[in-house]
Amino acid sequence: AKQSGRATHRFFTSELQEKALERLKIERLLRKAVENQEFELYYQPQVDLRNGRVIGCEALIRWNHPGMGQVSPARFIPVAEHSNLIIEIGDWVIREVCRQAKRWQDQGLRLKVSFNVSARQFMRPAELLQVLRGALDDTGVTPSLLEIEMTESLLLDPHGLGTVLDEIRALGIHLALDDFGTGYSSLSYLRRFPIDILKIDRSFVSDSDKNEDDAEMVKTIIGMAHNLKMSLIAEGVETAGQASMLTEYGCEVAQGYHYSRPMQVAAFETLLQQRPPH
Ligand code: C2E
Ligand code: CA
Ligand code: CA
Ligand code: CA
């Protein structure tokens with residue numbers, strides 16, 4: 001009877017319930033992770049396609065859980081966003097990025113550091129601005145070395161967004177639109193907001209050397225960005241062929257495994273010594 005009970009239980013534990021349980025478990029562990037400072041930032045280089053030099057990097061969060069090992073952001077960021085823990089985590093990312101960017105600045109490197117800000121953080125604009133101002137003041141980093149990556153979905157809910165973005169721009173921080181091409185933002189959105197940089201989504205880049213439609217799409221995005229006086233970063237560049245195609249189309253900067261995976265600070269600094277910026 002015991003065995004059939006267990007079997008019945010398993011039968012009724014739907015995939016949905018399992019997902020909910022997993023979410024709850026991660027949420028509980030995430031709360032502790034914030035307290036115990038289990039997060040770390042990795043950095044992935046952004047390379048000038050014309051001369052191969054590292055001109056910047058993207059900060060990507062990693063969660064080192066004592067029992068589970070490293071948990072990928074794809075698994076915990078959605079949970080963090082759902083539970084609003086993303087606010088605390090995001091605040092930590094901002095402060096840590098500013099500290100690191102200032103360290104590099106003090107070493108005489110001219111390196112831009114971009115970081116991801118969730119739509120949830122933009123939903124609390126006063127707090128976001130306060131944390132940004134606080135981190136700039138505390139560290140003394142030059143704001144123009146910083147770049148915020150936000151996703152297109154944000155632009156679809158533009159209530160009050162223009163004001164926050166203008167204020168961030170007024171602080172001297174640059175704005176990049178992440179995963180460009182996957183959402184629904186139109187030209188009018190792009191013109192409406194003070195966006196400096198478009199990041200071409202990996203999905204177009206990865207097939208662009210095999211698929212003519214994707215190559216056309218990349219070409220179109222590059223032309224459009226240039227018309228709007230925006231600069232471009234191609235994401236997910238994995239092959240030399242993709243890099244040369246992007247260079248030919250006039251894209252300025254690339255990021256992807258072809259150059260390097262995201263790395264811990266020490267490894268990234270070693271790479272910088274081999275390929276110094278400027
Ligand atoms: P994203 O912002 O689009 O970041 C790029 C992702 O693509 C990173 O995954 C990076 O490791 C990966 N990637 C880079 N180059 C290549 C490549 O050549 N090929 C392939 N296949 N992948 C490449 P990661 O680090 O796992 O991050 C996943 C997502 O998690 C990020 O996507 C971002 O949406 C989110 N995320 C990461 N860090 C943060 C953070 O600090 N705050 C917030 N709110 N979200 C973050
Ligand atoms: Ca990003
Ligand atoms: Ca992206
Ligand atoms: Ca993404």
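Two strands count as paired if DSSP finds at least two bridges between them, and the strands themselves, like the helices, are DSSP runs numbered from the N terminus, with at least two residues (E) for a strand and at least four (H or I) for a helix. In these terms, His65 of strand 2 stands opposite Gly69 in strand 3. This is a predicted model, in which local features need pLDDT of at least 70 and side-chain atom pairs count only at pLDDT 80 or more, while totals for chains, interfaces and linings use all residues. Residues are numbered from 1 along each chain as its sequence is written, chains are lettered from A and ligands numbered from 1 in the order in which they are written, and side-chain values use heavy atoms, with hydrogens and water left out.

**Strand 2 and its partners**

- Strand 2 covers residues 54–65, and because 10 of its 12 residues are buried, it is largely enclosed by the rest of the structure; buried here means under 20% relative accessible area, as against over 50% for exposed and in between for partly exposed, with a 1.4 Å probe and protein chains only.
- Nine bridges in the antiparallel sense pair strand 2 with strand 1 (residues 39–48), and among the facing residues Gln46 has Gly56 of strand 2 as its bridge partner.
- The hairpin formed by strand 1 and strand 2 has five residues between the strands, and Gly52 in this turn has a positive phi of about 75°.
- Strand 2 runs parallel to strand 4 (residues 112–116), to which four bridges join it, and Ala59 stands opposite Phe115 of strand 4.
- Strand 3 (residues 69–71) runs antiparallel to strand 2 and is joined to it by three bridges, with a hairpin of three residues leading from strand 2 to strand 3.
- His65 counts as buried because its relative accessibility is 15%, and its C-alpha atom is separated by 33 Å from that of Thr142, which is 77 residues away along the chain.

**Enclosed and open space**

- Rolling a probe the size of a water molecule over the atoms shows where empty space is left.
- On a 1 Å grid over the protein atoms alone, a cavity is a set of points where a 1.4 Å probe fits but cannot get out, whereas a pocket is an open set with protein on both sides within 12 Å along at least five of seven lines, and lining residues have an atom within 4 Å of a point.
- The structure holds one cavity of 30 Å³ or more, and the lining of the largest cavity consists of Ile87, Asp91, Gln121, Arg124, Glu127 and Leu128, with helix 4 (85–106) and helix 6 (125–139) as the elements that give two or more residues to it.
- The largest pocket has a volume of about 1,100 Å³, a volume being the space filled by probe spheres set on grid points that are joined across faces, edges and corners.
- Of the 36 residues that line the largest pocket, Glu58, Leu60, Pro73, Asn116 and Asp178 are the closest to its centre.

**Surroundings of ligand 1**

- Around ligand 1 there are 21 residues, of which Gln44, Arg62, Arg202, Glu238 and Tyr257 come nearest, where near requires a heavy atom within 4 Å.
- A polar side-chain atom of Asp179 lies 3.3 Å from an oxygen atom of ligand 1.

Methods
A polar contact is a pair of N or O atoms within 3.5 Å; within protein, one must be able to donate a hydrogen and the other to accept it, and residues adjacent in sequence count only if both atoms are side-chain atoms.
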